[in-house]
Amino acid sequence: QKRGLKQRKHFSSELHLLVLLKYMGSEGNAASLLTVKQGLGIGKGSVKNYLERAVDAVLSLFHDTVFWPGEEERTEIAVRIREKHHFPKCVGFVDGTHLGLAFKPELDGEDYWTWKQSYAVSAMVVCDDFKRIRYLNLGWPGSVHDQRIYQNSSLNKKPNLYFATREYILGDSAFSNTPTVVPAYKKSGGQVMLTAGQTFFND
């Protein structure tokens, strides 16, 4: 009976998630299998198995949790955004982010050096007004500009699959203006400061 209880504990989803979170929240020696196992009641040799099973389980949920909204849902999103922020036909918000790396990658490591003076992988994320991720494009070296990631995304290459007429997403000034992306204003050549209207739009 004790073996049965122990086995159920060791195969629980909660313990798998704890191992994964502890590993992903650590770096350097703190991410070693010997260190990760501490306090979790499992052996060093089991940590790798727990990690592999937990990663497989999380990735299996990707398409059920991260998906582009259909036409009806986009209409609902656009109505809410217009009511809250006065942007008509807006169906989401786009931004780039860095996923930090503890060490310089061995292959083309210099490409992963960011303007924040650290090594990272770049990602582009689109979320809705409820902060749910609706589109994700990641795996780019940290030095890659947000606009380049967007240019190479299916959102840009096949907009008819994602947007109806006049629908768009809002982005910061790192993005260029397109029929499906409305970026914040940025100062043009020789412009000392934004106009009052441009500042109002950005705010």
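A charge is said to sit over a ring when NZ of Lys or CZ of Arg is within 6 Å of the ring centre and within 35 degrees of the ring normal. In this predicted model, R134 meets that description, lying over the face of F67 at 4.9 Å from the ring centre. R53 likewise lies over the face of Y50, and here the distance from the ring centre is 5.1 Å.

## Overall architecture

The chain has 203 residues, of which 32% are buried. Its secondary structure amounts to nine helices and five strands. Read from the N terminus, the order of the elements is α-α-α-α-α-α-β-β-β-α-α-β-β-α.

## Strand pairing

| Strands | Sense | Bridges |
|---|---|---|
| β1 and β2 | antiparallel | eight |
| β1 and β4 | parallel | two |
| β4 and β5 | parallel | three |

Strand β1 covers residues 90-100. V94 has V126 in β2 as its bridge partner, while F93 has L170 in β4 as its bridge partner. Further along the sheet, I169 is bridged to V181 in β5.

## Aromatic contacts

How many aromatic pairs does a search of the whole structure find? The search finds five aromatic pairs. One of them joins W68 and F163 in an edge-to-face arrangement, with 5.6 Å from centre to centre and 70 degrees between the planes. This pair links distant parts of the chain, since its two members are 95 residues apart. W68 lies in the loop between α5 (62-65) and α6 (71-85), and F163 lies in the loop between α8 (154-157) and β4 (168-171). W68 counts as buried because its relative accessibility is 16%, under the 20% limit for that class. F163 is buried as well, with a relative accessible area of 7%.

A further edge-to-face pair is formed by Y150 and F175, whose centres are 6.3 Å apart and whose planes make an angle of 85 degrees. This pair also links distant parts of the chain, its members being 25 residues apart. Y150 belongs to helix α7 (residues 146-151), and F175 to the loop between β4 and β5 (181-183). Both Y150 and F175 are buried.

Beyond the pairs, W68, Y135, Y162 and F163 form one aromatic cluster.

## The largest pocket

The largest pocket holds about 650 Å³ of space. Its lining consists of 21 residues, and those closest to the pocket centre are L20, M24, L99, G100 and L138. The elements that each give two or more residues to this lining are α2 (13-24), α4 (44-60), β1, β2 (120-127) and β3 (133-141). By residue class, the lining of the largest pocket comprises 17 nonpolar residues, three polar residues and one charged residue.

## Two further positions

The C-alpha atoms of I149 and L138 are separated by 8.5 Å, and the two residues are eleven residues apart along the chain. Is I149 buried or exposed? I149 is buried, because its relative accessible area is 0%, under the 20% limit.

D108 is found in the loop between β1 and β2. At 46% relative accessibility, D108 counts as partly exposed, because that class lies between the 20% limit for buried residues and the 50% limit for exposed ones. D108 and P141 are 33 residues apart in sequence, and their C-alpha atoms are 8.9 Å apart in space.

Methods:
Residues numbered from 1 in each chain as written. Predicted model: local features only at pLDDT ≥ 70, side-chain atom pairs only at ≥ 80, totals over all residues. Heavy atoms only, no water. Phe/Tyr/Trp six-rings, centres within 6.5 Å; stacked < 30°, edge-to-face > 60°. Helix = DSSP H or I, 4+ residues; strand = E, 2+ residues; numbered from the N terminus. Buried < 20%, exposed > 50% of the residue type's maximum accessible area, 1.4 Å probe, protein only. Pairing = 2+ DSSP bridges. 1 Å grid on protein atoms, 1.4 Å probe; cavity = no way out; pocket = protein on both sides within 12 Å on 5 of 7 lines; lining within 4 Å. Points joined across faces, edges and corners; volume = space filled by probe spheres on them. Nonpolar A, V, L, I, M, F, W, Y, C, P; charged D, E, K, R; others polar.
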